[in-house]
Amino acid sequence: MNNFEFYCPTRIVFGKGSISKLPEFIDKSKKILVTYGGGSIKKNGVYDQVKKALEGYNYLEFGGIEPNPKYETLMQAVDIVKREGIDFLLSVGGGSTLDGTKFIAAASKYEGQKDAYDYFMKDQNPVTEALPLADVITLPATGSEMNNGAVISRISTNEKLAFQWEALYPSFSIIDPEVTYSLPEKQTINGIVDTFVHVMEQFCTYDVNSPLQDDWALAILRTLIKEAPKVLAKPDDYEARANIFWCATCGLNYWISLGVPQDWATHMIGHELTAFYGIDHGQSLAIVEPRLLRNQKVAKSKKLAKLAREVFCINEPVDLKAADIAIDKIEAFFNSIGMKTRLSDYDIDASEAASKIRDRFRERNTVLGEKGVINADTAYDIILAS
Ligand code: NZQ
Ligand code: ZN
């Protein structure tokens, strides 16, 4: 196992009725900006619950943070924060609202000349200071509620870039599985695939003798496969919703990444598909993952074979053969829950997409994967095969 450090200051408040506990965790002296997305919280009762819990608090609202949150929108919130003297941010919504709020938290404290997107997302200058933030998370997918990362898009340049700094951890996250009953089926599926691929990015590399992390990772995959059909068949199945949500949180709260190599190439290539073609994050991953695994099968064969045997119960003693079966089974699982896995399903021309992404990765000298062997040309092959 490799050396590691772990730190997470986020309090998790999990379960039915948890939104009413908000006052336990925010000081009354704070001036709050409540951030939200396109309005789902006003239809499913979450907004009303938050409003009730915040009675007696001094707060303003900022709505309209879109899926794949946009820099252009978020800077409007930064203006409000600076103008109104906001000192606490409360995100109410999915991963996009929370990621956007993390960016607002950083940009609100930034006074430099360069624009905040270039400064933080492109140049990756550290976020040393940020407004305190917390969240009521409404979509199980990103793990953003227990991690310090965020992915921010910019319309004017078709960019989608990630950043990750300690100052961006939420101080607390309220996870009430009941609020996910209202999710459109497509978003439930996106979240399941996103969680699955987060686990793959951290588990499916090469062996460093980390049986505990491996077993945690595989347990998340087994749970997802078992619970996914239940939430799709019965959207208000509380137990299944709760299990799926906890899988999503644990899929990217970094526990399974401790002391092990990580990949993240599927995500980085997927982000480009979203940046250029606007497809959902989960959809982009379902397209790239099977082809990336096939491309990297030899290097990943030991982990893929373990997955085949311990998740899909495949009795195949030859690692490379078991790896092949695992990749087929993963794609079949995505398809079985209604997720499409081909560029052609979205009318995207594979050769055009492959060229665009290759050119961009060449410009940035991008190398990806746990061994840094996925370069612009490999990404081209992966997209072309998709
Ligand atoms: O905007 P509203 O009206 O709220 O509707 C949203 C949105 O349309 C809706 N929704 C959310 N909760 C709902 C609901 N509808 C009904 N009932 C509910 N309870 O779902 C739609 C999608 O929401 P979004 O927040 O965009 O989805 P998700 O949570 O999947 O977030 C995706 C974003 O997170 C980034 C992705 O790249 C993408 O930009 N990621 C963030 C990560 C992180 N911070 O660590 C890691 C991930 O790999 C990912 O990259
Ligand atoms: Zn993801």
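This is a predicted model: local features need pLDDT of at least 70, side-chain atom pairs count only at pLDDT 80 or more; totals for chains, interfaces and linings use all residues.
1. A polar atom in the side chain of His 281 sits 3.1 Å from an oxygen atom of ligand 1. Gly 39 takes part through its backbone instead, with an N or O atom 3.0 Å from a ligand oxygen.

2. How much of ligand 1 does the protein bury? On its own, the ligand would expose 960 Å², and the protein buries 89% of that area. The elements that each supply two or more residues to the shell are α5 (95-107), β6 (149-154), α7 (185-203) and α10 (265-277).

3. Now look at the whole shell. It holds 33 residues, and the closest to ligand 1 are Ser 40, Gly 95, Ser 96, Lys 160 and His 198. Sorted by class, 20 residues of the shell are polar, ten are nonpolar and three are charged.

4. The domain assignment divides the protein into domain 1 (11-179) and domain 2 (185-384). Why does ligand 1 lie between them? Both domains give residues to the shell around the ligand, so its place is between the two.

5. Finally, see how the domains meet. Their centres, taken over C-alpha atoms, are 26 Å apart. Domain 1 brings 28 residues to the contact and domain 2 brings 25. Between them the domains bury about 2100 Å², with 63% of that on carbon and sulfur atoms. On the domain 1 side, Pro 140, Met 146 and Lys 160 lose the most area to domain 2, together making up 27% of what that side buries.

Technical notes. Residues are numbered from 1 along each chain as its sequence is written. Chains are lettered from A and ligands numbered from 1 in the order in which they are written. Side-chain values use heavy atoms; hydrogens and water are left out. A residue is near a molecule or strand if one of its heavy atoms lies within 4 Å of it. A polar contact is a pair of N or O atoms within 3.5 Å; within protein, one must be able to donate a hydrogen and the other to accept it, and residues adjacent in sequence count only if both atoms are side-chain atoms. Accessible areas come from the Shrake-Rupley method with a 1.4 Å probe; for residues, only the protein chains shown count as cover. Helices (H or I, at least four residues) and strands (E, at least two) are DSSP runs, numbered from the N terminus. Ala, Val, Leu, Ile, Met, Phe, Trp, Tyr, Cys and Pro count as nonpolar, Asp, Glu, Lys and Arg as charged, and the others, Gly among them, as polar. Domain bounds come from an automatic or database domain assignment. Contact means heavy atoms within 4.5 Å. Buried area is the accessible area (1.4 Å probe) that two parts lose on being put together, summed over both.
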